[in-house]
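Biologist: I have not looked at this protein before. Could you take me through its structure, one question at a time?

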Amino acid sequence: MPKWLTRKKLILIMIAFFLFLVIGYAAYLFFNFQSTMKAIHSPITIEETSTTRPIIQEKEDPISNEPTPITLLLLGVDQFEDAAGRADTILVLTVNPQTETMKMLSIPRDTYTEIIGLDFSDKINHSYAFGGVTMAHQTVENLLQIPIDYVVSINMEGFIELVDLLGGVEVENEVAFSTDYNDYPKGEITISGDAALDYVRMRYEDPLGDFGRQIRQRLVIESLLNRLSSLNIVWQVPSVLETVRDHVETNVTFDDITYFLKSYKPALNNIEQISFVEGEGRLEDGIWYYFASEDELQQIRDELKAALATK
């Protein structure tokens, strides 16, 4: 070893080199994340009504300076390659940073409702096929009578890739069942991308019907959120961002994400599910629809509005 290169200097050089790598990788992730958010960002333009606040509200209360509650619509789109898609999964999340709580509502995809922008009613999941994210957004807003601030849509190819990149999702499965492709025993299980999609789609083998499907959707979403918020995926971030870039569309911006991570993350630990359970499914003109109970629908609207109340 050269005289000038003492053990102490060697250690300092190694530490400096390590810090250089860490800072360089962090910078790479930052700019990659920023460019990905720009690539997937798609503004939503709608006409405001008397029942909604501006679609992108101020994130802080002008009086208390506290972050305000927000709503998010998550659409899982059944769309492969260039085929027209339908919203197979429709989830509405309310996040209240002041109470550190989150409400999660799963809307049955066959729900019969008015399709905003068209002069007829149909299954709510067809709103995406008729008018994309914008029409789906407007239709959900009209059904629930609350403003939806943000929308994230991901197609099923992207969902499968994301789950696989994260090493699968862990869920506490309450009902053992099998499909044509997979077996799901009761208890804690880890499922990969294709199996996870099969898991959230199954309805007919579940004794709880669509309500059971809603429970399984919540379990998978919670597991995904936990995986995505874990520092253990730091080396997987480039691959995750590539999948997001290819399969996700949203009106969330880079600045929104950074603010949410700072002010809204505690609410992820307190998720409460709301479900449609009192409606009925039946055939109308040979087509199967789900008709929500008007009383229950109003109760859900009231609960969501209460969840968005500020202190």
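Modeller: Residues are numbered from 1 along each chain as its sequence is written, and side-chain values use heavy atoms, with hydrogens and water left out.

Biologist: What pLDDT does the protein average?

Modeller: pLDDT is the predictor's confidence in each residue, from 0 to 100. Over residues 46-56 it stays under 50, and where pLDDT is low, the predicted coordinates should not be read in detail. Of the residues, 72% score at least 70, and the protein averages a pLDDT of 77.

Biologist: How many helices and strands are there in the protein?

Modeller: Both are DSSP runs numbered from the N terminus, helices being H or I with at least four residues and strands E with at least two. Counted in this way, the protein has 8 helices and 14 strands.

Biologist: How many of the residues of helix α4 are buried?

Modeller: Buried means under 20% relative accessible area, exposed over 50%, and partly exposed in between, with a 1.4 Å probe and protein chains only. The buried residues of α4 include Leu197, Asp198 and Tyr199, and among the elements that cover them are α3, β10 and α5. Helix α4, residues 193-201, is largely enclosed by the rest of the structure, because the number of its 9 residues that are buried is 7.

Biologist: Is Ser275 buried or exposed?

Modeller: Ser275 lies in strand β12, residues 271-275. Leaving aside residues up to four places away in sequence, Ser275 touches Leu105, Phe211, Gln214, Glu296 and Ile300, where contact means heavy atoms within 4.5 Å. Its relative accessibility is 14%, so Ser275 counts as buried.

Biologist: At roughly what angle do the axes of helix α2 and helix α8 cross?

Modeller: Axes are lines fitted to C-alpha atoms, for helices over the stretch in contact, and angles run from 0 to 180 degrees between N-to-C directions. The axes of α2, residues 126-144, and α8, residues 294-307, come within 9 Å and cross at roughly 100 degrees.

Notes:
This is a predicted model: local features need pLDDT of at least 70, side-chain atom pairs count only at pLDDT 80 or more; totals for chains, interfaces and linings use all residues.
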